[in-house]
Amino acid sequence: MIEVFLKTVPFFALIAVGYWAGRTRFFTEDATAYLTKFVFYFALSAMLFRFAANLSFDEVWDPDLIAGYLVGTIAVYGIATVVGMARKQNVAVTAVEAQCAAIGNIGFLGIPMLALLLGEKAVGIIMMALAVDLIVFSSLIVILITGSRDGRFSMRVLQTISLGLVKNPMILAISSGLIWSALQIPIPAPMNDFLAILGGAATPGALFAIGASLASKSAERLSVALWLSFCKLILHPAFVAVGVLVLFPVDPYTAAVVIAASALPVAGNVYILAQHYGVAPQRVSATILVSTMVSIITVSAIIAAVAPV
């Protein structure tokens, strides 16, 4: 574990530098927002497109992987939902808590870190897990929150979800890259170099942005944040492990990558959704802060446990 921990230290050190920059106001919230936009719309999209364009759909598509990850994630989502309802939370708040328990920072942290720790072959596997999160669970939280407010599921909700998916740069980058690959179009050298340079900014930019954004988050409602962090960092990888090792077995390397991806801390886009809909943003903020701090130890331990020798 010590060896893996030492390999993850530079990633979390970059987050710490970003946190310092945000905490000291050297990097303002506006600056963090623009850096996040650059990473989200340009650098990370370039990285995802380049990786996807060099993969074949047959290499990436694995029904057992998707089923195992989906079942494991639904199990944790369900547990957090039951606990939320038992605590007399309304549907919207329960949906946000369940999202915290099940959706990790795969895009900003998982892809750059796991690609370096477990090899570039891991990216295709991570992209499938990311697609499940974006298509299934990002849609589900919108349905639950808007449905609870309107009292019914309307076509307006479906339009909002569809538009959100179509406009999501990560979905666009992955799908267009796979289409490029399917058409067997070689990437011209200048284009490949351009994507490599731009995509190279994704890792440091994303990690710095995570840290800077954490500086503005508070640790309120710690008991709830600790419970949801436990769900995300411990229960989620445990249930995904059951999904991909027992229920829908995949090869050991694929299993290791998707279990490691499921061990990542809570995703920042959960806070964006919570803030947008005005549903428990402080609770999400605290959970992101706590889960990211604790994940310095738990992510290293889980990667050490599952990584192929």
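In this predicted model, helix α12 (residues 222-247) packs against α15 at an angle of about 40°, and the two axes are 8 Å apart. On the α12 side, the residues that meet α15 are L222, V224, A225, L226, L228, S229, L233, I234 and P237. Their partners in α15 are R283, A286, T287, V290, S291, V294, S295, T298 and I302. By class, this contact of α12 with α15 holds twelve nonpolar, five polar and one charged residue.

**Helix α15 and its partners**

- The crossing in which α12 passes α15 is right-handed.
- An α-helix has 3.6 residues a turn, so residues three or four places apart point the same way.
- T298 is one of the α15 residues that meet α12, and helix α15 itself covers residues 281-306.
- Because its relative accessibility is 15%, below the 20% limit, T298 counts as buried.
- When neighbours within four places in sequence are left aside, T298 is in contact with L233 and I234, and both of these residues belong to the α12 side of the contact.
- Helix α1 (residues 2-23) also packs against α15, here at an angle of about 145° and with the axes 9 Å apart.
- The crossing of α1 past α15 is right-handed.
- From α1, the residues V4, F5, T8 and F12 meet T292, S295, I296, I297, S300, I303 and A304 of α15.
- The contact of α1 with α15 comprises seven nonpolar and four polar residues, with no charged residues.

**Aromatic pairs**

- The model contains seven aromatic pairs.
- Among them is the pair of Y77 and F137, which is tilted, with 5.5 Å from centre to centre and 35° between the planes.
- Y77 belongs to helix α4 (residues 63-86) and F137 to helix α7 (residues 122-150), so this pair ties together parts that are 60 residues apart in sequence.
- Both members of the pair, Y77 and F137, are buried.

**Helix α5**

- Helix α5 (residues 91-102) consists of twelve residues.
- From the first C-alpha to the last, α5 reaches 16 Å, close to the 16 Å expected at 1.5 Å a residue.
- Helix α5 is mostly covered, since eleven of its twelve residues are buried.
- The buried residues of α5 include A92, V93, T94, A95 and V96.
- E97 and Q99 are also among the buried residues of α5.

**Loop residues with positive phi**

- Q184 has a phi near 55°, a positive value in a residue other than glycine.
- Q184 is located in the loop between α9 (169-182) and α10 (189-200).
- With a relative accessibility of 70%, Q184 counts as exposed.
- A280 likewise is not a glycine, yet its phi is positive, at about 50°.
- The position of A280 is in the loop between α14 (268-277) and α15.
- A280 is buried, with a relative accessible area of 17%.

- L172 is part of helix α9.
- At 42% relative accessibility, L172 counts as partly exposed.
- L172 and S45 are separated by 127 residues in sequence, and their C-alpha atoms are 8.1 Å apart in space.

Conventions:
Residues are numbered from 1 along each chain as its sequence is written. This is a predicted model: local features need pLDDT of at least 70, side-chain atom pairs count only at pLDDT 80 or more; totals for chains, interfaces and linings use all residues. Side-chain values use heavy atoms; hydrogens and water are left out. Rings of Phe, Tyr and Trp (its six-membered ring) pair if their centres lie within 6.5 Å; planes under 30 degrees apart count as stacked, over 60 as edge-to-face and the rest as tilted. Helices (H or I, at least four residues) and strands (E, at least two) are DSSP runs, numbered from the N terminus. Buried means under 20% relative accessible area, exposed over 50%, partly exposed in between (1.4 Å probe, protein chains only). Contact means heavy atoms within 4.5 Å. Axes are lines fitted to C-alpha atoms, for helices over the stretch in contact, and angles run from 0 to 180 degrees between N-to-C directions. A crossing is left-handed if the near helix is turned anticlockwise from the far one by less than a right angle, and right-handed if clockwise. Ala, Val, Leu, Ile, Met, Phe, Trp, Tyr, Cys and Pro count as nonpolar, Asp, Glu, Lys and Arg as charged, and the others, Gly among them, as polar. The expected span of a helix is 1.5 Å times one less than its number of residues.
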